[in-house]
Amino acid sequence: MAKSLMIVDDSATMRKIIMRTVRMSGLNFKRTEEAGNGVEALEKLSAGPVDVMLVDINMPEMNGAELVKKVREIPAYKKTKIIMVSTESSQEVIEDVMADGADGFIIKPFTPEKFQEKLSPFVN
Amino acid sequence: MIEQAVLGDALLQGAKEVFETMVFMNLEESSQLDPSIDGRALLGSIAFKGNLEGSLHICCNALCAQAIAVNMLGIDSAEKINEEETCDAMCEVTNMVMGCFKSKLADAVGDLEVSIPSVVRGRELKNTLGKGASKILVKVNIADEYVGELSLLYRNSPEQPSDKPGIDK
C-alpha cells in the first residue's frame, strides 16, 4: 500500500539524494513532503500527518532529537514512524534518540538496500 | 597511542566508503609523485573536537566537484546543476567522510564533536590550524580522471588528561 513520507534535512541536496535513494530502493509513496528543520516539519505535519518520517539529527532551529520528542507528545502522530538518517554513529546518541521514540536509524553513507530494509516493514 | 598512519588510513578508508556508496565514483590513493589540483578549486571543511581537535578537508577542482554533485543527485547532465547544489554536495561529502572517520576512530580516541561543514571556492587553497598542529595529506585519484586531496589538521586537545588516548607521530 502506498503511504506518505516526509524527509526532514537542512540540506536541500541531501533531501534530493534521500528521495532518489528511496526511489532506487523500490519503495513507493503516494505523497512525499520535505522540511528543512524540526519547526518546519511540525508546521507541515499540522496540515496532515504522514506515515513515515526520515529525519536528520543536526539541523538549525529544531534538531532531529527535539523533533522526535515533540512528535511523540502529540497523540495525532502516534502512528507516524520516525527513522533517523544521520552521519552520527555514536551508540549513545542512537540509544538516546531511540529511547525518545524514534523507530529506526540509518547511518550516512547509505544504500538503497538499507532504506529497503528499514522502511519496508512500515510501508508494505 | 594512536599512530599518524592510523589516522591517515581512517581518512582514506572513510572517503573510499563515501565515494563508493553515495557518489558512485572510484577513489584511490594517488600513485603519482606530486599531482596538483588545476584551476578553480572547492575546499570542503569540517571541524572536530574531543580528545583530538582539528579539521578535516576535501579539496578538488570545480569540474570534479560538479561531477560529484551530478552523480550524487543522479542528474544526467552537468548543465542542470547549479553552483549552490555543487557546494551543497561537497558539504555533504565532507560531512559523511567525517562521520566515517569518527566512527573508525571511536575506540581509539573516543567520541568527537563535529561542526557544520562548509565549502570555500578559489585558486591554490590552503588550510592551516596554527602553531603546534600536525597535518596529514593524502592525494587521491577520483574516477581515474580527477586529482583530489584529503587532509587532516589536528592537535591533541589541551584539556586532554595524560591517561587519555593521544597521537603518536
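Residues are numbered from 1 along each chain as its sequence is written, and chains are lettered from A in the order in which they are written. In this predicted model, totals for linings use all residues, and side-chain values use heavy atoms, with hydrogens and water left out.

A search of the whole structure finds two cavities of 30 Å³ or more. A cavity is a set of points, on a 1 Å grid over the protein atoms alone, where a 1.4 Å probe fits but cannot get out; lining residues have an atom within 4 Å of a point. Points are joined across faces, edges and corners, and the volume is the space filled by probe spheres set on them.

The largest cavity has a volume of about 60 Å³. Its lining includes Ile17(A), Arg20(A), Phe110(A), Met22(B) and Met72(B). Two elements give two or more residues to this lining: helix H1 (12–24) of chain A and helix H1 (4–23) of chain B. The largest share, four residues, comes from H1(A); helices are DSSP runs (H or I, at least four residues), numbered from the N terminus. By class, the lining has seven nonpolar, two polar and one charged residues. Here Ala, Val, Leu, Ile, Met, Phe, Trp, Tyr, Cys and Pro count as nonpolar, Asp, Glu, Lys and Arg as charged, and the others, Gly among them, as polar.

The second largest cavity holds about 40 Å³ of space. Asn58(A), Thr87(A) and Glu88(A) line this cavity together with Asn95(B), Met98(B), Gly99(B), Lys102(B) and Val114(B). Helix H3 (residues 83–104) of chain B gives the most to this lining, with four residues. By class, two nonpolar, four polar and two charged residues make up the lining of the second largest cavity.

How values were computed: This is a predicted model: local features need pLDDT of at least 70, side-chain atom pairs count only at pLDDT 80 or more; totals for chains, interfaces and linings use all residues. On a 1 Å grid over the protein atoms alone, a cavity is a set of points where a 1.4 Å probe fits but cannot get out, and a pocket is an open set with protein on both sides within 12 Å along at least five of seven lines; lining residues have an atom within 4 Å of a point.
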